[in-house]
Amino acid sequence: MERLSSSTARTQLVLRQFRKHRLAVWGGRILLVLYLMAAFAGFFSPYDPNYYELYPPKGNHPPTRIHFVDPETGRLSRPFVYATKRSIDPVTLQPRYEEDPSQGKFYLRFFVRTPDQPYTVFKVFRSDLRLIGVDPPGRIFLMGTDNFGRDLFSRIVYGGQVSLTIGILSALVSFALGLLLGGIAGYFSGRPFALSLPPRAWRGWSGVLGLVGLLLWLAVAAGVLFLAWSFVRLSPGKGVFSLAVDGVVLLLGFGGALLILWKVFREPLKLDPDDLIMRTVEIIAAIPSLFLLISLRAVFPTNIDPLITFYLVVGLLGFIGWGGLARVVRGIVLSVREMDYVQAARALGASDGRIIARHILPATASYVIVSLSLTIPGFILGESGLSFLGLGVTEPYTSWGLLLQSAQQGGFASFTDRPWVLWPGFFIFLSVLSWNFLGDGLRDALDPRRKA
């Protein structure tokens, strides 16, 4: 009962500290709106994101002007829009749209049914109800259209499904790897494990593991020989110096293979998991993140299924982002594992897995929560960058980065003649800024030095 009361008091204290951070509160509210709109994109968007009309064409249509005053009477009226007619500017040769009152007024309607454009909610529930719309043949474009005449607001709302979801999923993948590998590195630091066992030590299950390890090391030795032979085979082999270099490479290859086999058969090979994991983190950190991300993405073909591309981007972003968390978690675990309650659990016979899951990882909860909220913006930017470069999500799906790529293809005219196509950049900026504000608020609320 006392533990429950203490936990409730701590939660109330954290909430009170968080509410004092006004920017964090507003950041949370903005994110709540963005994620609700993304979750129910079909309801909040006036049209299907890929819907457009061939005639009359609506490519690069500016945002529709909504009228609240009836020009005939000069009094307030129900919100309405006019249809537009298209012409070509003789100077810029760009499409120009003018309101056409002769076609009548098209009043805004709420909770509109669109049987010709149904959608699904969470891939389960089917519906055609939309929040706002106008009667055909009228059209309403809250943020204009793209070059195909597709409603940009609808595409931004649907694009949030991809950009915002990838940010969270990639962060979860990254944090799962960081917590697991950082916890292992910290808890088992100084306790090396055997990478291989000599045949004389094979007994029971160790025989199976030893055989598997032997096969793996034989593969490594064969790989060393293959690399040396490939170098010699590709070498021009002309001249004494070239032949000497080839000979040295072959000797090094044979020497490395023999050294591996000698070590495997003579004595067990042991490696500290802390060294293995931290050296891997250093190798990943030594390569610029964007360059590594583009290189890994380039390994896979660009014409694969868009849904597979979605999961591929999630995995790649998560793979390159776990190193920083693993470093910090390792440091926390190194200090926590020497605490009295951990030593007591070990003395009572608790397994290593139970100690890590019940006593050590919970000590990292405060840092993980704050770091998670501050890491998601980076993954949103990473996905937007990949999609902007044409390596991320592709049609028929859409994301904020892909929408910006379409704007970039319009050149400088996207800034001068149709600035509304830059709206996706504003939503990227807004979501990243909101996540950072939220992370700052959580950091201050969970800071033990602020609890006095």
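**Leu 381 and its surroundings**

Author: Leu 381 touches Ile 428 and Val 432, leaving out residues up to four places away in sequence; contact here means heavy atoms within 4.5 Å. This is a predicted model, in which local features need pLDDT of at least 70 and side-chain atom pairs count only at pLDDT 80 or more, while totals for chains, interfaces and linings use all residues. Residues are numbered from 1 along each chain as its sequence is written, and side-chain values use heavy atoms, with hydrogens and water left out.

Leu 381 belongs to helix α13, residues 365-388. Helices (H or I, at least four residues) and strands (E, at least two) are DSSP runs numbered from the N terminus. Ile 428 is 47 residues from Leu 381 along the chain, yet their C-alpha atoms are separated by 7.5 Å.

The unreviewed UniProt entry annotates residues 360-381 and 420-439 as "transmembrane region", among other spans. Such annotations may be inferred rather than shown by experiment; their positions are in the numbering used here, and feature names are shortened. Two further spans in that record are 23-44 and 162-188. Residues 23-44 are 95% helix and 0% strand, with end C-alpha atoms 26 Å apart. For residues 162-188 the figures are 96% helix and 0% strand, and the ends lie 38 Å apart.

Helix α2, residues 22-39, has 18 residues; at 1.5 Å a residue it should span 26 Å, and its end C-alpha atoms are 26 Å apart, so the two agree. The expected span is 1.5 Å times one less than the number of residues. Buried positions in α2 are Ala 24, Val 25, Gly 27, Leu 31, Leu 34, Met 37 and Ala 38. An α-helix has 3.6 residues a turn, so residues three or four places apart point the same way.

The chain also holds an open sheet of three strands, ordered β1-β2-β3 with antiparallel pairing; strands pair if DSSP finds at least two bridges between them. Its edge strands are β1 (67-69) and β3 (95-107), each pairing on one side only. Two bridges join β1 to β2 (residues 76-88), and Val 69 stands opposite Leu 76. Between β2 and β3 there are nine bridges, with Tyr 82 partnered by Lys 105 in β3. Six residues separate β1 from β2 in their hairpin, where Gly 74 takes a positive phi near 75°. The hairpin of β2 and β3 also has six residues between the strands, and there Leu 93 has a positive phi near 60°.

Overall, the chain has 16 helices and nine strands, and 39% of its 452 residues are buried. Of the contacts between residues at least 6 apart in sequence, 70% join residues at least 24 apart.

Terms used: Buried means under 20% relative accessible area, exposed over 50%, partly exposed in between (1.4 Å probe, protein chains only).
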